[in-house]
Amino acid sequence: TLRSVLDARQRTEAQAERLIALQTLFTVMARDIEQLIYRDIRDTFGDSQPALIGTASAIEFSRTGRRNPAGFVRSNLLRVSYLLEDETVNRRTWGVIDRAQDSNFQEGALADEIETVEIRYLDEQFKWKNQWPIPDPTRTTRPGLPKAIEFSVENEKLGRITRLFRIPQGPILLDGVLM
């Protein structure tokens, strides 16, 4: 009887740890997405990249609100990405928006034992897309932001969990000017 009680307690604690990790993942993502800003970047080769780049399994975007408690002379912008590697959802951040070839990222694991990640993007016509920006060779303007992002993870023990994040349609930063 004591063994079965201890086993049940161990399973309950493991389940609680999995739920806490997923809750942390979604909380951190919500904080990042709430700070999302329409600010294109330059990649390591100097090529322009959209403010948000997303596939069905990874997302990268610019955000504002980077804390600076020490008052260093630096931008309050940050580049963030989320991706699945070896059954772990990782969050990467770059301290600079426009990268040089020696720009490195910091990485932190947010949730493990994740089998799949699926990301979808809600366009202006309220249709779900599997990547962002939507490829359109006839487009003459810069791609905007989706209306929302759906982020789903699947875990053997917890099943599929989906979270919907609304994209704030706030100010746009173009060429250093807030519009």
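Visitor: Which residue is the bridge partner of I149 in β11?
Guide: F165 is the partner of I149 there. Bear in mind that this is a predicted model, where local features need pLDDT of at least 70, side-chain atom pairs count only at pLDDT 80 or more, and totals for chains, interfaces and linings use all residues. Residues are numbered from 1 along each chain as its sequence is written, and side-chain values use heavy atoms, with hydrogens and water left out.

Visitor: How many bridges do β10 and β11 pair over?
Guide: Eight, with β10 (residues 148-155) and β11 (residues 159-166) antiparallel. Two strands pair if DSSP finds at least two bridges between them. The two form a hairpin with three residues between them.

Visitor: What's the strand order in that open sheet?
Guide: The order is β9-β8-β10-β11, four strands with antiparallel pairing. β9 (128-129) and β11 are the edge strands, each pairing on one side only. Seven bridges join β8 (residues 116-122) to β10, and T116 has E154 as its bridge partner in β10.

Visitor: OK, zooming out. How many helices and strands are in the protein?
Guide: One helix and 13 strands. Both are DSSP runs numbered from the N terminus: helices are H or I with at least four residues, strands are E with at least two.

Visitor: Switching to charges, how many salt bridges does the structure hold?
Guide: There are 14, a salt bridge being a side-chain nitrogen of Lys or Arg within 4 Å of a carboxyl oxygen of Asp or Glu. One of them joins R63 and D32, with the closest N and O atoms 2.5 Å apart. R63 lies in strand β4 (residues 58-63) and D32 in helix α1 (residues 2-34), so the pair ties together parts that are 31 residues apart in sequence.

Visitor: Are R63 and D32 buried or exposed?
Guide: Both are buried. Buried means under 20% relative accessible area, exposed over 50%, and partly exposed in between (1.4 Å probe, protein chains only).

Visitor: And what about R79 and E60, how do their side chains meet?
Guide: In a salt bridge, at 3.0 Å from N to O. R79 is in strand β5 and E60 in strand β4, 19 residues apart. R79 counts as buried because its relative accessibility is 0%, and E60 counts as buried at 17%.

Visitor: Last one: where is E87?
Guide: E87 sits in the loop between β5 (78-85) and β6 (88-94). With a relative accessible area of 46%, E87 is partly exposed.
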